[in-house]
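Please keep the sequence and the structure in view while reading.

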Amino acid sequence: MTLLHPKRSFSFIWWMGLLAALIWTGAIPLPANAQAVPAVRPHAPDLPPAVLKALRQAQVPPSALSVLVMPLPEPSPSGHPALVASARLSHLPQTAANPASVMKLFTTYAGLSLLGSEHVWHNRVYADGPVRDGVLQGNLVVRGSGDPKLVLERLQDLMTQTMAAGVREVRGDIVLDRSVFDVRERSEPFDDEPLRPYNVTPDGLLLNFKAVVYKFTPDAASKLVQVRFEPPLAGLNAPTQLPASSAPCNDWRSQLKADFTQPLQVRFAGSYPERCGEREWPVAFPEPEQYAPRVIQSMWLAAGGRLSGQVRYGSRPASARLLLDALSLPLSEVIKDINKFSNNVMAQQLFLTLSSELGAPGRFEASRLRLLQWWRNAFPGQEEPVLDNGSGLSRTERSTAASLTALLQAAHASPHAQAFVNSLSQAGIDGTTARLKERHPQSPVIGNAWLKTGSLRDVVSVAGYVKGQSGQRYTLVAIVNHPNASQARPALDQLLEWTVRDQNNTARLSTATRPSTTGQRQ
């Protein structure tokens, strides 16, 4: 490497800068076959010092972070939102990155826009045969609608309503019709945690997220731990008691020494720390195809119903008569679970509904096409997201901070603004950001930000709305893609605090926070 002579370095740099400027302005023409190269300027990342410090400590370069913080426009006297001239903070906003679960914002806002906040799913029960004196001479057909939240309590209601409609005994089969979606169980889990509920595949008849919830309750008097599970599954056996231990409540699940290799014969060879108190452990059922039939059989019999046949998958015959139509929760309620608690399978259920509600079975490919068509119409000129399953549980989904900002700004100005904002986690209060209060009990962000977070291997992200101390509201998007991304969470915490503490920065917005001209990773 050749070093500049110290006495000539200033003049050399000055002449090189002048030469580049003359070429750029055309004062010195380039040869016909040459391409103009802009003058290269050293780039100091326009990020708050506390954010840069946290990135250095995490060993994450600023080039791995995309950020865009924009003021939300206040309504003008005419009732239309005023235009915002510049960003408060902009760093690599056009860089496409994997935002992890922040991708759910595309799915949920598209759902609100295309389906409406009051959209409901129709879970229907049919009788394929005559009903006399409470006895169905034929099959009972349960047709799923893709309902994202057909959980235990609502399943119990479905059983009660079926009996109230006149069927208490089925002299035939209970047929489960899930043909509203055309999806297959994954051949391999997303990662090396196949029994984590986020690995569950969507289903036209998704029952209780295909998960078994084990509940552990210590009894101080007996030094034993009571074990229960729900929902009931026909044929499933699990211990009802475990020994309690005085061990610390650290990694308590591994202390149980659970064995799920035999799906219907669960074993816990270890103990449960008494100081943990009551805890729950949701586990995806290892044989997902058997989950719904076993749950329906067990719950039908537990409700007092009788069944001479079996519970199996099939299709509703054209001759079957509608017995009842049980509605789901409205979409405005469903998206609260999707965004606040980052429920992947619920997001995928909604994503598939975007195509199934057009009449054909819901497919990922068709839903991708519909969402992209909506994006092009609603956000012309904005970079399109790269979609996979709409949940962010993907290695291929991508977006820019600029596109996510456009979505957040549009959602806030839409008729669905309240439902959308209510679906986000309120910082330090609920959802995925509730633990902010534990990390930073005095943080000014607590209660002043409504956020969707994202996390994957090599990804950490956050997006949503922030209320500054000045009263100004902002949209904020920040995405880190780097092998050390999980160590960069403090940088995002610092960014949120910087956004809230805007009283000393408001006067400098027009000069100090113009969008960065660097649009590519360094």
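The protein chain holds 14 helices and 22 strands, and the model that shows them is a predicted one. Of its 522 residues, 48% count as buried. Among the contacts between residues at least 6 apart in sequence, 70% join residues at least 24 apart.

Helix 8 covers residues 344-356, and at 1.5 Å a residue its 13 residues should span 18 Å, which agrees with the 18 Å between its end C-alpha atoms. Because 13 of the 13 residues of helix 8 are buried, this helix is largely enclosed by the rest of the structure. Ser342 lies in the loop between helix 7 and helix 8, and it has a positive phi of about 55° although it is not a glycine. With a relative accessible area of 17%, Ser342 is buried, since the cut-off for that class is under 20%.

How are two packed helices described? The description uses the angle between their axes and the distance between the axes. For helix 8 and helix 9 (residues 364-378), the angle is about 75° and the axes are 7 Å apart. The two helices are therefore roughly perpendicular to each other, as angles of 65 to 115 degrees are counted in that class. On the side of helix 8 the contact is made by Gln348, Phe351, Leu352, Leu354 and Ser355, while helix 9 contributes Phe364, Ala366, Ser367, Arg368, Arg370 and Leu371. By type, the residues of this contact divide into 6 nonpolar, 3 polar and 2 charged.

**Asn339 in helix 7**

Asn339 belongs to helix 7, which covers residues 331-340, and with a relative accessible area of 0% this residue is buried. Its side chain is joined to that of Ser423 by a polar contact of 2.9 Å. Leaving aside residues up to four places away in sequence, Asn339 touches Lys104, Leu105, Thr108, Ser423, Leu424 and Lys452.

Is Ala211 buried or exposed? At 4% relative accessibility, Ala211 counts as buried, and its place is in strand 9 (residues 211-219). Although Ala211 and Ala284 are 73 residues apart in sequence, their C-alpha atoms are 4.2 Å apart in space. Residues up to four places away in sequence not being counted, Ala211 touches Glu230, Pro231, Val283, Ala284, Phe285 and Tyr291.

Two of these neighbours, Glu230 and Pro231, are joined by a cis peptide bond with omega of about -5°. Pro231 is found in the loop between strand 10 (224-230) and strand 11 (241-245). In the loop between strand 9 and strand 10 lies Lys223, whose phi is near 60°, a positive value in a residue other than glycine.

| Site | Backbone angle |
|---|---|
| Lys223 | phi near 60° |
| Ser342 | phi of about 55° |
| Glu230 and Pro231 | omega of about -5° |

**Helix 13**

Helix 13 (residues 489-500) has 12 residues and reaches 17 Å from its first C-alpha to its last, close to the 16 Å expected at 1.5 Å a residue. Its buried residues are Ala491, Leu492, Asp493, Leu495, Leu496, Glu497, Thr499 and Val500.

Definitions and conventions. Residues numbered from 1 in each chain as written. Predicted model: local features only at pLDDT ≥ 70, side-chain atom pairs only at ≥ 80, totals over all residues. Heavy atoms only, no water. Helix = DSSP H or I, 4+ residues; strand = E, 2+ residues; numbered from the N terminus. Expected span 1.5 Å × (residues − 1). Buried < 20%, exposed > 50% of the residue type's maximum accessible area, 1.4 Å probe, protein only. Axes fitted to C-alpha atoms, helices over the stretch in contact; angles between N-to-C directions. Parallel < 35°, antiparallel > 145°, perpendicular 65-115°, else oblique. Contact = heavy atoms within 4.5 Å. Nonpolar A, V, L, I, M, F, W, Y, C, P; charged D, E, K, R; others polar. Polar contact = N/O pair within 3.5 Å; in protein donor to acceptor, adjacent residues only side chain to side chain.
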